[in-house]
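Please look over the model below alongside these notes.

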Amino acid sequence: LIPCVEMVRYSSTGSEAVAAALRLARAFTGRTTVVRFAGHYHGWFDELLLATHPVGEGTGRPGLESAGQSPSSAQHVLVAPWNDLAALEGMLRQHDVAVVLMEPIMCNTGVIMPARGYLEGVRTLCARAGTLLIFDEVITGFRVHLGGAQGLLGVTPDLAVFGKALANGYPISVLGGRREIMALIASGAVVHSGTFNGNPLGTAAALATLDVLGRDSGAAFRRLTQLGQLLMQGIRRVAASHEVSVLLQGPGPVFYLWFTDAPAITSYTDSARVSREPYARFAEAMLREGVRVIPGGRWYVSLAHTEEDIERTCEAVDRALARIRPVELEPHTQPSGGSR
């Protein structure tokens with residue numbers, strides 16, 4: 001189903017799969033440097049929890065984000081602004097880079113779509129530099145398209161990682177990619193061990209989930225997109241009736257809700273400037289109305305949802321907005337470079 005996948009290796013969490021992908025990429029290229037992007041999230045391991053909430057979006061070395069992280073975690077990691085092809089090209093020219101790691105849709109910070117031609121440009125730059133391209137599809141995989149974001153957007157990475165959406169929420173993750181790269185794990189040259197790798201519960205759930213998702217040429221994803229877009233339209237309509245400025249963006253199965261009068265959020269810098277306080281109050285009000293939403297601003301729909309659920313959610317949005325004083329939802333910005 002996934003364009004880049006010729007061989008697979010299973011584990012239990014997204015963090016594990018990304019860590020294995022980096023080890024594999026370094027072994028294949030014989031290089032150590034990783035390029036990642038401001039605002040992207042790739043797990044909680046020491047070398048992965050970097051630049052998810054940076055101060056600013058400049059090109060350079062990332063800062064640590066958790067007490068207890070080893071200072072050496074950032075030694076071989078560079079951070080670039082996403083959707084800026086020139087910045088990445090300069091970095092690949094100046095450094096011997098093993099891998100470029102990214103969310104193909106920047107879901108963790110605003111569900112920001114790649115600019116037109118950006119992913120194609122990244123693919124070309126990586127091939128030219130002998131650098132592997134990894135898509136972290138833990139969110140987008142089996143959620144936005146039967147072929148993941150790479151199937152939706154038509155750009156094929158060298159390696160990709162997937163998570164629990166593959167198994168409808170059961171614990172499983174996957175590292176997959178080109179056979180010549182993945183063969184390093186099969187041969188034992190690259191170690192990837194774990195008692196629960198390929199655990200029967202997760203793999204059985206994945207087989208059952210893929211059976212449903214694959215029916216009728218991926219009709220499930222057309223349904224998810226329809227439901228998500230219906231919900232976004234309903235929230236916009238309700239917010240307008242309260243004269244509250246909102247921005248909703250995303251393909252539908254996953255989208256992001258901001259309280260802002262900005263026409264779009266296109267970068268981490270844009271995201272960092274928008275205050276999160278109005279949304280936090282809104283999320284609390286929604287919970288009191290019987291609807292639980294992710295506190296950060298990202299929304300999902302699933303095949304369990306119905307049009308009636310969409311209608312009930314929009315009614316809850318209406319009551320939540322009425323419950324909160326207008327001043328509490330007034331959009332405002334933080335100084336450039338704010339992080340959380």
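1. Phe 255 and Trp 299 are both buried, where buried means under 20% relative accessible area, exposed over 50% and partly exposed in between, with a 1.4 Å probe and protein chains only. This is a predicted model, in which local features need pLDDT of at least 70 and side-chain atom pairs count only at pLDDT 80 or more, while totals for chains, interfaces and linings use all residues. Residues are numbered from 1 along each chain as its sequence is written, and side-chain values use heavy atoms, with hydrogens and water left out.

2. The whole structure holds eight aromatic pairs (rings of Phe, Tyr and Trp, the last by its six-membered ring, with centres within 6.5 Å; planes under 30 degrees apart are stacked, over 60 edge-to-face, the rest tilted). Phe 255 and Trp 299 count as stacked because their ring centres are 5.7 Å apart and their planes meet at 25 degrees. The two residues are 44 apart in the chain, with Phe 255 in strand E9 (residues 254–258) and Trp 299 in strand E10 (residues 298–300). Strands (E, at least two residues) and helices (H or I, at least four) are DSSP runs numbered from the N terminus.

3. One aromatic cluster is made up of Phe 259, Tyr 279 and Phe 282.

4. Ser 15 belongs to helix H1 (residues 14–29). Its relative accessibility is 8%, so Ser 15 counts as buried. Leaving aside residues up to four places away in sequence, Ser 15 touches His 42, Gly 43, Trp 44, Phe 45 and Leu 48 (heavy atoms within 4.5 Å). The Ser 15 side chain comes to 3.2 Å from the backbone nitrogen of Trp 44.

Conventions
Polar contact = N/O pair within 3.5 Å; in protein donor to acceptor, adjacent residues only side chain to side chain.
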